Amino acid sequence: MSSFSENYDNLKNELNKDQSKLISLLFFGIILGRVYEKFLKIKKSINRRFK
């Protein structure tokens, strides 16, 4: 468990603010993409029911 905390501290020290913003934007993009896929799937299933 101590090796994890050491690795986390090293990673945190190596990342500057620009890189941490980039990582957060990448995660946000992944989440947004998943929500969009779910929306398209729901939209398609609703259209199939009413045809």
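Guide: Before we start, a word on charges: Lys and Arg count as positive and Asp and Glu as negative, while His and the chain ends are not counted. This is a predicted model, where local features need pLDDT of at least 70, side-chain atom pairs count only at pLDDT 80 or more, and totals for chains, interfaces and linings use all residues. Residues are numbered from 1 along each chain as its sequence is written, and side-chain values use heavy atoms, with hydrogens and water left out.

Visitor: OK, how many positive and negative side chains are there in the protein chain?

Guide: There are 11 positive and 5 negative ones, and the centres of the two sets are 25 Å apart. Each charge is placed at NZ of Lys, CZ of Arg, CG of Asp or CD of Glu.

Visitor: And what's the secondary structure?

Guide: 2 helices and 0 strands, as DSSP runs numbered from the N terminus (helices are H or I, at least four residues; strands are E, at least two). The radius of gyration is 19 Å, well over the 10 Å that the globule rule gives for 51 residues, so the chain is more spread out than a compact globule. That radius is over C-alpha atoms, and the rule is 2.2 Å times the number of residues to the power 0.38.

Visitor: What share of the residues is buried?

Guide: 0% of the 51. Buried means under 20% relative accessible area, exposed over 50%, and partly exposed in between (1.4 Å probe, protein chains only).

Visitor: Switching to Leu15, where does that lie?

Guide: In the loop between helix 1 (2–14) and helix 2. Leu15 counts as partly exposed, at 30% relative accessibility.
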